[in-house]
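Keep the view beside the text and look up the residues along the way.

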Amino acid sequence: MWYYAVLLSTGIVLEAAGYPKPGNVHRLRDFKDTRFEDFLVTGLVFVPYLYRGILRGYKGIEGKKIIYGDLIYGIVDTSLKIHGGGNTCLGSSLLLVPLAVGLGKLLRDGEDFDLEELTIASSMLVSNYSTPYDAVYLYRAVRRVKPSYIKQNDVTNEYPNVWDKEFTRKLVEKNLRLWDILVYSSERDIVAKEVVEGYVKSKKTVKYIEDSLLAGLDWNEVIVRSLLVLLSYDVDTLVQRKHGVEAAKKVSEQAREILKLRNEKFWKQLRILDEEWASKGYNPGSTADILATAISLYAIKHKSSLLRTINK
């Protein structure tokens with residue numbers, strides 16, 4: 001099971017290594033609060049927590065008060081403590097922890113499974129078994145990260161605001177489970193939507209990765225192009241929250257346009273785009289989280305020789 005935990009963690013490191021991945025941290029671009037090396041450390045932090053998630057799924061989660069939340073919080077908190085920087089894993093932990101639990105459950109069942117079965121099972125388990133205490137830990141993780149785009153005066157309807165001092169009591173008393181939070185958030189957050197809808201974008205991206213590798217592209221180019229493809233057909237909600245709808249639409253439009261270019265024109269324009277988005281603060285981090293998840297799913301599917309060969 002350790003092997004599966006490592007496979008699931010590979011997406012964190014490989015996604016960060018793509019260069020030049022426009023707008024995101026990569027090997028030649030750091031942000032004020034996050035560095036490329038922070039993501040390498042974070043990839044290591046994921047392994048023991050995903051291992052615990054796989055074990056939980058394997059042993060059974062029925063009747064448990066906490067299944068996902070403490071693992072999500074643990075990844076976020078431990079990463080921040082070790083690298084000392086900013087948020088490197090809130091979205092990716094929300095995506096990968098349910099997959100770890102779902103993977104453990106399918107391993108317990110003892111039958112061969114494909115990515116469709118894994119992703120659907122992982123989503124359904126959150127729907128059926130997540131608890132208000134999982135939601136409490138998610139709130140704690142968000143508070144630990146302190147994202148600037150979540151405000152104390154945000155309207156959240158019947159759901160307590162993350163900064164509400166009584167958030168724990170309100171979540172438990174209203175029986176608002178992690179699944180309920182994700183469904184509500186999915187209207188404005190593509191990471192939450194990905195879990196709720198059964199990892200649709202991640203699975204499509206796995207297919208794109210496979211086709212690109214079979215066509216002879218190296219891993220770096222596959223990672224960069226995969227991010228652009230994801231951006232080309234959906235706006236990044238992190239960009240939207242920070243800079244508005246029009247900026248997010250512009251990012252998607254620019255991604256579509258650059259994908260039309262080939263060879264040196266592509267790479268030249270990509271470096272220009274990287275500088276432009278960085279100067280404007282356009283960081284498509286939510287899309288990067290989905291890409292990391294897709295790479296992790298690719299790793300689960302192929303299991304070995306990930307960077308050298310592809311199993312047809």
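Predicted model: local features only at pLDDT ≥ 70, side-chain atom pairs only at ≥ 80, totals over all residues.

As background, side chains of opposite charge can pair when their charged atoms come close.

| Salt bridge | N to O distance |
|---|---|
| Asp30 and Arg35 | 3.3 Å |
| Arg177 and Asp180 | 3.5 Å |
| Glu187 and Arg188 | 3.5 Å |

Asp30 has a relative accessibility of 33%, so it counts as partly exposed. Arg35, at 42%, is also described as partly exposed.

Now look at Arg177 and Asp180: both of these residues are buried. Their side chains still meet in a salt bridge, at 3.5 Å from N to O.

For the pair made by Glu187 and Arg188, Glu187 counts as exposed because its relative accessibility is 64%, while Arg188 is partly exposed at 34%.

## A helix under cover

Asp180 turns up again in helix α8, as one of its buried residues. How many of the eight residues of α8 are buried? Seven of them are, and the helix is mostly covered. Apart from Asp180, the buried set holds Leu178, Trp179, Ile181, Leu182, Tyr184 and Ser185.

And what do these buried residues pack against? Their neighbours are α4, α5, α6 (132-145), α7 and α9. If you want to trace that in the viewer, α7 covers 167-173 and α8 covers 178-185, while α9 runs over 190-196.

## Two residues with positive phi

The loop between α7 and α8 is where you'll find Asn175. This residue has a positive phi of about 55° although it is not a glycine. Its relative accessibility is 46%, so Asn175 counts as partly exposed.

Tyr199 is another case: its phi is positive, at about 60°, and it is not a glycine either. Look for Tyr199 in the loop between α9 and α10 (200-214). Is Tyr199 buried or exposed? It counts as buried, because its relative accessibility is 0%.

## The loop between α1 and α2

Next, go back towards the start of the chain. Pro20 sits in the loop between α1 and α2, and the peptide bond leading from Tyr19 to Pro20 is cis, with omega near -10°.

Thr34 belongs to the loop between α1 (2-17) and α2 (36-59) as well.

## A negative patch

For something on the surface, find Glu111, Asp112, Asp114 and Glu117, which gather in a patch of negative charge. Glu111 lies in the loop between α4 (90-109) and α5 (115-129). At 63% relative accessibility, which is over the 50% cut-off, Glu111 is counted as exposed.

## Two long spans

Leu55, in helix α2, is 30 residues along the chain from Gly85, and their C-alpha atoms are separated by 30 Å. Leu55 has a relative accessibility of 23%, so it counts as partly exposed.

The other pair is Gly84 and Ile190, which are 106 residues apart in sequence and 27 Å apart in space, C-alpha to C-alpha. Gly84 is in the loop between α3 (69-83) and α4. Is Gly84 buried or exposed? Gly84 counts as exposed, because its relative accessibility is 63%.

Terms used: Residues numbered from 1 in each chain as written. Heavy atoms only, no water. Patch = residues over 30% accessible without salt bridge, like charges linked within 9 Å, V, L, I, M, F, W, Y side chains within 5 Å. Areas by Shrake-Rupley, 256 points an atom, 1.4 Å probe, with all protein chains shown as cover. Salt bridge = Lys/Arg side-chain N within 4 Å of Asp/Glu carboxyl O. Lys, Arg positive; Asp, Glu negative; His and termini not counted. Charge placed at Lys NZ, Arg CZ, Asp CG, Glu CD. Helix = DSSP H or I, 4+ residues; strand = E, 2+ residues; numbered from the N terminus. Buried < 20%, exposed > 50% of the residue type's maximum accessible area, 1.4 Å probe, protein only. Contact = heavy atoms within 4.5 Å.
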